[in-house]
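Please have the model open while you read the points below.

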Amino acid sequence: MATSVRRAVLTLPAAPLGPENPLPALRPLDQTHSLDQYDERARREFPRDMARQIGYEALRTVLPVRILDGYGRDREPTGFDAIVIENDRLRATVLPGLGGRVHSLHHKPTGRELLYRNPVFQPADFALNGAWFSGGIEWNIGATGHTTLACAPLNAALVPAPDGGEMVRLWGWEPLRGLPFQVDLWLPDDSDFLHVGVRIRNPHQGPAPVYWWSNIAVPEDARTRVLAPADEAWHFGYARTLRRVPVPECQGVDVTYPLHAEHASDYFYEVPPAARKWITSLDADGHGLVQTSTDLLRGRKLFLWGAGRGGRRWQRWLTEPDTPGYAEIQAGLAHTQLEHVKLDGHAEFSWLESYGPLVADPATVHGADWDAARAEVEGRLESALPRAAVDAAYEAWLPHADTEPGERLATGSGWGALEVMRGAMRGGYQLPGTPFDESMLGEEQAPWVELYTQGTFPKARTPEPPGPTLVAPHWRDMLETAPAEPLTEYHLGVTQWHAGDLAQAVRSWERGLKLASSRWPLLRCLALADREGGNPERAAELYAEAFDDLCRERESDGDGESWTAATTALAREAITALLAADRARDARRIFDRLPDGIRERGRFRLIEAQLLLAEDEKAAARALFDAGFEVADLREGAQTLNEVWTALTDDPLPEEYDYRMRPGN
């Protein structure tokens, strides 16, 4: 059959994403994917470019993105828009509304699913901005960690493919760095390999930090082995240290078998510059998926959950009981995922990736001779898809990368259109092939369109939590020259905080507070500033005042999903701050004012246990654990459950609460 592209609907048991958290993310959710300072000695061993890139442009916040933490654990059948690309050898299913994730890659002749295909859609707190889900191929762009676009819609359209057929173009605007990108997917007729052309452009005058890793979830069992062309790797675990280790055996364990390791870890393979870039995951019979690319995509990585109880618990958490586990094989622009690569102004990065089946001799693949195993895979790959063919496919794709899209298959957000509209005042951004039309602008962008066109930020028409804040320097400049209304001062303070001008941010919020009728958004920002500045008592006082004001405003005017999200988020922060200031009575007062539907959530069951501990009611806190609860937005690497349990009892942590991902915790 000739290659075809069609729309479809994929139905999965799914937990709703829920509303965005309306509180601006003034601090990152955690530092899981960063090095601790005590690891400075190890830095001296890093290659020079790696050492430079690890320290380059780390995030202070995830602004302008909002946190997604409103999901739960109750799933019901839900239809997701899908795009199916198919020839007589492969069928790829793509989800444009969920970051362009490749959900499935099915090899028809063998009937094998090459990816780990998650049977459910279950958000969990792994992305830079919260909600993320496991499975398939994820296009990770932005900054160290899972992309903020994991659960966001991308634009999609048909474009002529290099072989004369059709390819699917996905494109969007990465909000953390302000960079447009595209992912072009096509299946040549009779090919066993899905080709993926990727381009990231910097339309700005100055340089920009770039991060890209293609994350590929693959099935895992006791005989799964991951191979790459390397003798060494950089090991990174949840203890946040990075060290060079040998491959395949590290401290007596062959870590190329994901289930041989005890704890979750990253292994970033040190692939020689001249070597072909590839990584594969093969089962006991030597069957599996291989990914290869042109040389710009230099990095290769294995992420494994390990065989420990915490890793197994996370596996079940991300899907459903009695389903197979998975590991991740990955490919990126740098040695490790702790790095950002500089992209000069008006420049671009582009490369080609290929995904397909691989069959190798199982005795050699699983033999003790690592060199022989790698050579076996490399020879089989060269026969199936020569390195020269990948380079030729890339050269054939490049002239098509600028082709304007044809039939639209999906529509992304309007933020890219807003930035392109604003960029027109400096002669416009030259982005052939990835149009961001003004027709994409929506309600969220409307206040910023008015700021750009009229020089004023509009007042809210009805009482409601403030909308998102754009933090790029050009938007800050416009806010600074706009009339100093309370809502304008609120947004200006957020942009200043993001830029590191903390004192200026506080002054803007204090100015806005003097005339604001809706005070709680400004009070919350000031409270967080005090908490970050080492003033827990004043932070607690401001948080309590902010919550009182939110309740007053909500009782008189507020209703609906956004108000529930604001109440939930502010109560969580306020109670935490009050407990940190030893004000359990005031924390209890906030907790008791929450609606039953919020107090019954797993997150607030955990907060209630912490509150009971502060009130010296250990038996009541223990009873909450015994009754059972699930914290839907438990953060990757979080120790809270273990810490609270340890404060309650010397009993071992029950398995249902064990999400520990590192030794000695």
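1. Helices (H or I, at least four residues) and strands (E, at least two) are DSSP runs, numbered from the N terminus. The peptide bond joining Val 247 and Pro 248 is cis, with omega about 15°.

2. A word on the source: this is a predicted model, where local features need pLDDT of at least 70 and side-chain atom pairs count only at pLDDT 80 or more, while totals for chains, interfaces and linings use all residues. Residues are numbered from 1 along each chain as its sequence is written, and side-chain values use heavy atoms, with hydrogens and water left out.

3. For background, most residues other than glycine have a negative phi, and most peptide bonds are trans.

4. Next, the second largest pocket, with a volume of about 1200 Å³. Of its 43 lining residues, Arg 27, Pro 28, Leu 29, Arg 572 and Arg 635 are the closest to the centre. (On a 1 Å grid over the protein atoms alone, a pocket is an open set of points where a 1.4 Å probe fits, with protein on both sides within 12 Å along at least five of seven lines; lining residues have an atom within 4 Å of a point. A volume is the space filled by probe spheres set on the points.)

5. Which elements give two or more residues to this lining? They are α12 (520-532), α14 (561-580) and α17 (602-614), and α14 gives the most, with 7 residues. By class, the lining has 19 nonpolar, 9 polar and 15 charged residues. (Ala, Val, Leu, Ile, Met, Phe, Trp, Tyr, Cys and Pro count as nonpolar, Asp, Glu, Lys and Arg as charged, and the others, Gly among them, as polar.)

6. Finally, follow α14 to its partner α15 (residues 584-593): the two pack at an angle of about 165°, with axes 8 Å apart. That makes α14 roughly antiparallel to α15 (angles over 145 degrees count as such). Ala 571, Ala 574, Ile 575, Leu 578 and Leu 579 of α14 meet Ala 584, Asp 586, Ala 587, Ile 590 and Phe 591 of α15, where contact means heavy atoms within 4.5 Å. This contact has 9 nonpolar, no polar and 1 charged residues.

Methods. Axes are lines fitted to C-alpha atoms, for helices over the stretch in contact, and angles run from 0 to 180 degrees between N-to-C directions. Angles under 35 degrees count as roughly parallel, over 145 as roughly antiparallel, 65 to 115 as roughly perpendicular and the rest as oblique.
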